[in-house]
Amino acid sequence: MNAILVPIGSTSEAVRAAERVIARYRAEPVDVHLINVQHPLPRHVARFFPRSELKDFHHDAGMRVLAPATRALDAAGIPHHDHVVVGHAAEAIVRFAARQGCADVLLEPPEGGLRALFHAGSVGSQVRHLMRAGSDAPA
C-alpha cells in the first residue's frame, strides 16, 4: 500500500484535507500520514522551559490543528498516523516524506494570481519547489 503525506497547517485546512484524503482513499486505499509542523519558539523564550515541556507544548498545539481531520477520518473509518514536528514547514514536510517513503504529498491546490507567478507565499508552493529541486521526496 502506498503511503501519502498530508500536511495540515491550520484547523481550517484540516477539513478540506480530510475531504481530499477520504476521496483518495475510496479510489485507492493508501497509508495516510497527517503532519503538522510547528514553528520553534524563539531561543530567548525557549531557554526558560525544560525540553519536555516544549515538546509537549508543540505536540498539543499540533494535535489541536490535526483534530478536525482526525475526527473526519475516524468517522469515515480511514486509518491514519498523526505526526507533529518542529521546524521550517516546507523543509520538514519534504524531509519527513522522504524518511517515511511517502509516494505522494497531498497539498492544497496551487494559488492563482500574482503570487503564483513568482511561486511565493504558501507552504505548498515551497514544498513543490523543494521537491522539484531534486529532493528524494515525491514530486
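Good morning. At 25% relative accessibility, arginine 24 counts as partly exposed. I begin with this residue and shall return to its partner shortly. Please keep in mind throughout that the model is predicted.

Arginine 24 and aspartate 104 join their side chains in a salt bridge, with 2.8 Å from N to O. The two residues come from distant parts of the chain: arginine 24 belongs to helix α1, whereas aspartate 104 belongs to strand β4, residues 104-105, and 80 residues separate them. In general, side chains of opposite charge can pair when their charged atoms come close. Is aspartate 104 buried or exposed? Aspartate 104 counts as buried, because its relative accessibility is 17% and the cut-off for buried is under 20%. The count for this structure comes to 1 salt bridge.

The chain has 139 residues, of which 40% count as buried. Its accessible surface is about 8,200 Å², and carbon and sulfur atoms account for 56% of that area. If we take the contacts between residues at least 6 apart in sequence, 76% of them join residues at least 24 apart.

I turn next to helix α3, which covers residues 51-76. This helix has 26 residues and reaches 36 Å from its first C-alpha to its last, close to the 38 Å expected at 1.5 Å a residue. Where does α3 have its kink? The kink, of about 50°, lies at leucine 66, shortly before proline 68. Just after the helix, glycine 77 takes a positive phi of about 75°.

An α-helix has 3.6 residues a turn, so residues three or four places apart point the same way. With that in mind, consider the buried residues of α3, among them Leu54, His58, Ala61, Val65, Ala69 and Leu73. The buried residues of this helix pack against α1 (11-27), β2 (31-38), α2 (43-46) and β3 (80-86).

Histidine 58 lies in α3 and is buried, with a relative accessible area of 7%. Beyond the residues up to four places away in sequence, histidine 58 touches Gln38, His39, Pro40, Leu41, Val84 and Val86.

Isoleucine 8 is found in the loop between β1 (3-7) and α1. Isoleucine 8 counts as buried because its relative accessible area is 3%. Which residues does isoleucine 8 contact, leaving aside its neighbours within four places in sequence? They are Glu13, Ala14 and Ala17, then Leu34, Ile35 and Asn36, and finally Val65, Leu66 and Ala69. Leucine 66, you will recall, is the site of the kink in α3. Isoleucine 8 and valine 84 are 76 residues apart in sequence, yet their C-alpha atoms are 10.0 Å apart in space.

Finally, I come to the surface. Phenylalanine 48 lies in the loop between α2 and α3. Is phenylalanine 48 buried or exposed? Phenylalanine 48 is exposed, because its relative accessible area is 59% and the cut-off for exposed is over 50%. Together with Val45 and Phe49, Phe48 forms a nonpolar patch on the surface, and the three have about 290 Å² of accessible area together.

That concludes my presentation. Thank you for your attention.

Conventions:
Residues are numbered from 1 along each chain as its sequence is written. This is a predicted model: local features need pLDDT of at least 70, side-chain atom pairs count only at pLDDT 80 or more; totals for chains, interfaces and linings use all residues. Side-chain values use heavy atoms; hydrogens and water are left out. Helices (H or I, at least four residues) and strands (E, at least two) are DSSP runs, numbered from the N terminus. The expected span of a helix is 1.5 Å times one less than its number of residues. The bend at a residue is the angle between axes fitted to the seven residues ending there and the seven starting there. Buried means under 20% relative accessible area, exposed over 50%, partly exposed in between (1.4 Å probe, protein chains only). Contact means heavy atoms within 4.5 Å. Patches are made of residues with over 30% relative accessible area and no salt bridge: like charges are joined within 9 Å, nonpolar side chains (Val, Leu, Ile, Met, Phe, Trp, Tyr) within 5 Å. Accessible areas come from the Shrake-Rupley method with a 1.4 Å probe; for residues, only the protein chains shown count as cover. A salt bridge is a side-chain nitrogen of Lys or Arg within 4 Å of a carboxyl oxygen of Asp or Glu.
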